[in-house]
Amino acid sequence: KPGEQKHSKEPSSLQCMHLAVVACGDRLEETLIMLKSAVLFSNRRLCFHIFAEDSLKPEFEKKLKEWPSSYTKKFEYNIYPITFSVGNAQEWKKLFKPCAAQRLFLPVILKDVDSLLYVDTDVLFLRPIDDIWHILKEFNSTQLAAMAPEHEIPKIGWYSRFARHPYYGTTGVNSGVMLMNLTRIRNTQFKNSMIPGGLTWEEMLYPLYQKYKNYITWGDQDLLNIIFYFNPECLYVFPCQWNYRPDHCMYGSNCKGAEEEGVSILHGNRGVYHDDKQPTFKALYEVIRDFPFEDNLFQSLYYPLQSKFLDTVHTLCGRIPQVFLKQIEKTMKKVYENRVIVYLGANHRY
């Protein structure tokens, strides 16, 4: 049934990786392109949890059914209505961007899901989700979520300059890519600034919002920063290449991890997929959007991307194309090698 979790009898290593996204307003296409990037490169089966306004549900179902069976067999999906279990639903719905606060309620809604990767609609995967999913195994006994820093340089970071509320670490964290152990979140008593004892995740959300609502700018992300300020032992911080934004290159390259390993997950915030301010980000979005599913990845995705990048060299982000291409090239080579090995294995007897 829609909204129910599918229980697999497969070995745990073969069970799906859970990916959640919240789509409201005009975010249908962005969400579909994000899901497409996830399916193109990932190895293990995926379970998509799509939270959307009622008006978008038929369109999501229609578009996903149009994808070729060679890809639709790699995932299953559920579409959920926008719901908030505590407080004023309209207040939550209007916090920062439409429906963005829904992510705060995922541990409460998805009671049968153990772990989950949440991403904003404006995210693109440039390597398999399997690789960030492995970070769950790196959590120590107290960590229950993972995010990347909001900025690499405190003196020019937003939180360190302007925040009027507590935030995590020296620069705060960005919630656009958030890996969560939902079981741990549901079972933890969180320290807070409201009562001397601990509160569960659900108990804490609305009082926390009421206390800080006049001081927060970035909505639910600010609330997450406040939570992990009081509970720093609960957060695993992954490096910037897992949540690479225009801020990492538009003032000069400041994500060392991406310079060394390439961008793993691209986060096109600031609306950069839809204007001409950061053409490098827009080029990646358009190439993945326009890629015909059954075509050759190198011919119909990688080479057009290289060509488009030539038109972006006048920008600071466009001067470092290798940062954007390194992981996607590596991933495509693996996909190609796997297909060749499978093909040879099926057609040759040794």
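1. Four disulfides turn up in a search of the whole structure, which is a predicted model. Counting bonded cysteines along the chain, the pattern reads 1-3, 2-4, 5-7, 6-8.

2. Take Cys16 and Cys47. Their sulfur atoms sit 2.0 Å apart, forming a disulfide. The angle about the S-S bond is -85°, and this link is left-handed. Cys16 belongs to the segment before β1 and Cys47 to strand β2, so the bond ties together parts 31 residues apart in sequence. Cys16 has a relative accessible area of 15%, which makes Cys16 buried. Cys47 is buried too, at 4%.

3. Next, Cys24 and Cys99. A disulfide joins the two, with an S to S distance of 2.0 Å. Its torsion about the S-S bond is about -90°, so this disulfide is left-handed. The pair links distant parts of the chain, 75 residues apart. Cys24 lies in the loop between β1 and α1 (28–41), Cys99 in the loop between α4 (89–93) and α5 (106–109). Both cysteines, Cys24 and Cys99, are buried.

4. Then Cys249 and Cys317. Here the sulfur atoms of the disulfide are 2.0 Å apart. The torsion about the S-S bond is about 90°, so the disulfide of Cys249 and Cys317 is right-handed. This pair also links distant parts of the chain, 68 residues apart. Cys249 is in the loop between β8 and α11 (256–261), and Cys317 is in the loop between α13 (297–309) and α14 (321–347). Relative accessibility is 1% for Cys249, which counts as buried. Cys317 is buried at 0%.

5. Cys234 counts as buried, with 4% relative accessibility.

6. Now the sheet. Seven strands form an open sheet in the order β3-β2-β1-β4-β7-β6-β8, and the pairing is mixed. β3 (75–80) and β8 (235–237) are the edge strands, each pairing on one side only. From one strand to the next, the twist averages 25°.

7. Which sense does the pairing of β1 and β2 take, parallel or antiparallel? Strand β1 (residues 17–23) and strand β2 (residues 46–52) pair in the parallel sense, over seven bridges.

8. Helix α10 (residues 220–230) lies across β6 (145–149), β7 (173–181) and β8. The angle of α10 to β7 is about 65°.

Key: Residues numbered from 1 in each chain as written. Predicted model: local features only at pLDDT ≥ 70, side-chain atom pairs only at ≥ 80, totals over all residues. Heavy atoms only, no water. Pairing = 2+ DSSP bridges. Helix = DSSP H or I, 4+ residues; strand = E, 2+ residues; numbered from the N terminus. Axes fitted to C-alpha atoms, helices over the stretch in contact; angles between N-to-C directions. Contact = heavy atoms within 4.5 Å. Disulfide = S-S within 2.5 Å. Buried < 20%, exposed > 50% of the residue type's maximum accessible area, 1.4 Å probe, protein only.
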